[in-house]
Number of protein chains: 2
Amino acid sequence: MKILVLGAAAGGGFPQWNCSCPNCRMAWEGDPRARPLTQSSIAVSVDGTRWALLNASPDLRQQIARLPALQPQTIGGRHSPIATVILTNGDVDHITGLLSMREMQAFTIHCSDRVKLALDKNAVFNVLNAQLVTRRSLPLNDTTDVLDADGASLGFTVTSFVVPGKIALWLEDLTKADFGSIEGDTVGLKITETSTGKSFFYIPGCAALPAEVAARLEGADLVFFDGTTWTDDEMINTGVGAKTASRMGHMWMSGPDGSMAAFDPLGIKRKIFIHINNTNPVLIADSSQRKDAWARGWEISYDGMEVIL
Amino acid sequence: MKILVLGAAAGGGFPQWNCSCPNCRMAWEGDPRARPLTQSSIAVSVDGTRWALLNASPDLRQQIARLPALQPQTIGGRHSPIATVILTNGDVDHITGLLSMREMQAFTIHCSDRVKLALDKNAVFNVLNAQLVTRRSLPLNDTTDVLDADGASLGFTVTSFVVPGKIALWLEDLTKADFGSIEGDTVGLKITETSTGKSFFYIPGCAALPAEVAARLEGADLVFFDGTTWTDDEMINTGVGAKTASRMGHMWMSGPDGSMAAFDPLGIKRKIFIHINNTNPVLIADSSQRKDAWARGWEISYDGMEVIL
């Protein structure tokens, strides 16, 4: 399997359009230690010609422009190597890219029933012609063959499983407990190559690591995991927000209650942070936090990163 | 008034994500004659510190990254020079950028009641906090002071007027005449500097030039006009679509029924094509069509173009 990181940043990207926090200031000023990043999404292919996007970020057009593998491969007419989009939730930074996938292109969308309902209710997504773009249901805790628009397998399966999280910001209901979130509003994905059984996990949003999720990940070859913040109160401390990481539905990396500590006993061969918020000090190339993460066996993903499994 | 062209291309940009037409092929291959373009939008400022976007394209994040005037001007915290967004219709290439304007930023949206209704009905736009982002109604054929989030004038007015057009693709109702389009689904904008009375027009979509629209434009200092295609059947001839320009709600440039001929008698001082489709031969730097357009007194806009009025 080949994996391409289209974007490594959390919602809003890095730098964020209206942010002047210390990290963003460095990026706006072109400091080479603060490399700009687009919003999180990865692409996976088994056959090297048909690709699945895991989430479709608002920056998708820009991401395709940088990655020849995702550009039309024909001479003349319409073509795209992108055969399907698999969604982990309904966040705008995960679904907005669908609005850039118009122009009479056949592909499939795999998502939970809750996300499907959200797409169905928002007519703006009708810009994707329903005769060409099929919305397939991804049952929770079940394994599904990933299919292209012709119903042919891409050569791998997806298993979607519940992770602690929060409903998408734009779907929050402040009158309800937990903002109206229910189980399955955020899922993790396990991608398994059919011919070899090799697999990896993609979990860009995850608020905690309960025993049942940890058990799934134990001994895995490769995990892309939620790297939103370094500390829980980072957005408050950098003066750009009032919300903690927990309030936004994300684990933080550092300390005894952070994701790095939670992963330590799991024996995972390759651990890569993705969905990294603009405020996170690991974004800065020479930061002590980035060195700490490396020392703990974590890689920090970046736009254009390639992983072979 | 200062005007910045954020993007010059029609919906989908140039090259388009799934297009291999001769123009896009050149752009994918990096031919310097085929300069890539983001999707159409311009920014206007009178005071040089607060800017109005005319439409918010899906490429807005990328466009801000290229234009320092639109980046945060403070050290620390949140800030954006973008004070308002004025919409000409509900096309995804004109409204999707709103989804990138999150993160607790106050600004205003000026749009027609029809577009406002479409935004209101699509909950995904609730990602813009209603307590910070006010949706203001732009009455047809009327002149309105353009206001920022504090209710302060940006120093210019906007007059929105009906132009022949078509309802946004995703709002089309195939059971109705004209796909359910009604008057005002597409508008042209006249921007007038309050202190000097200087004005220009922004008309990125326009299906024909009836006498009443022509009369408004007569003798204008500056008009940005719909440059979608060179010929009516261009998408068909380039093998990438079945729709004519007319079907998509756009005039074409060339020939006795084209926009250049229609504009000839109007005595407009500066004429600039914008919203240029990927198939249009004027996108190619050394094309005979671009030379023809120049010879007829038209400029072809490009990303980053600056105009002072």
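Is A:Gln16 buried or exposed, judged by its C-beta neighbours inside 10 Å? In this predicted model, local features require pLDDT of at least 70 and side-chain atom pairs count only at pLDDT 80 or more, whereas totals for chains, interfaces and linings use all residues. Residues are numbered from 1 along each chain as its sequence is written, and chains are lettered from A in the order in which they are written.

A:Gln16 counts as buried because it has 28 such neighbours; the term denotes 20 or more other C-beta atoms within 10 Å of a residue's own, with C-beta atoms placed from the backbone. A:Gln16 lies in the loop between β1 (2-7) and α1 (22-28) of chain A, where helices (H or I, at least four residues) and strands (E, at least two) are DSSP runs numbered from the N terminus. Leaving aside residues up to four places away in sequence, A:Gln16 touches A:Cys24, A:Asn278 and B:Glu103, contact being defined by C-beta atoms within 7 Å.

The contact between the chains takes 45 residues from chain A and 45 residues from chain B. On the side of chain B that touches chain A, α1 (22-28) and α2 (60-66) of chain B are the elements giving two or more residues, and α2(B) gives the most, with 4 residues.

In helix α4 (residues 113-121) of chain A, the residues A:Arg114, A:Val115, A:Ala118 and A:Leu119 are buried. The buried residues of α4(A) fall within an arc of 135° seen down the helix axis, so they line one face of the helix; the arc is that of the directions from the axis to the C-beta atoms. These buried residues pack against β5 (107-111) and β6 (133-137) of chain A.

Note on methods. A residue is buried if 20 or more other C-beta atoms lie within 10 Å of its own, exposed if 12 or fewer, and partly exposed in between; C-beta atoms are placed from the backbone. Two residues are in contact if their C-beta atoms, placed from the backbone, lie within 7 Å.
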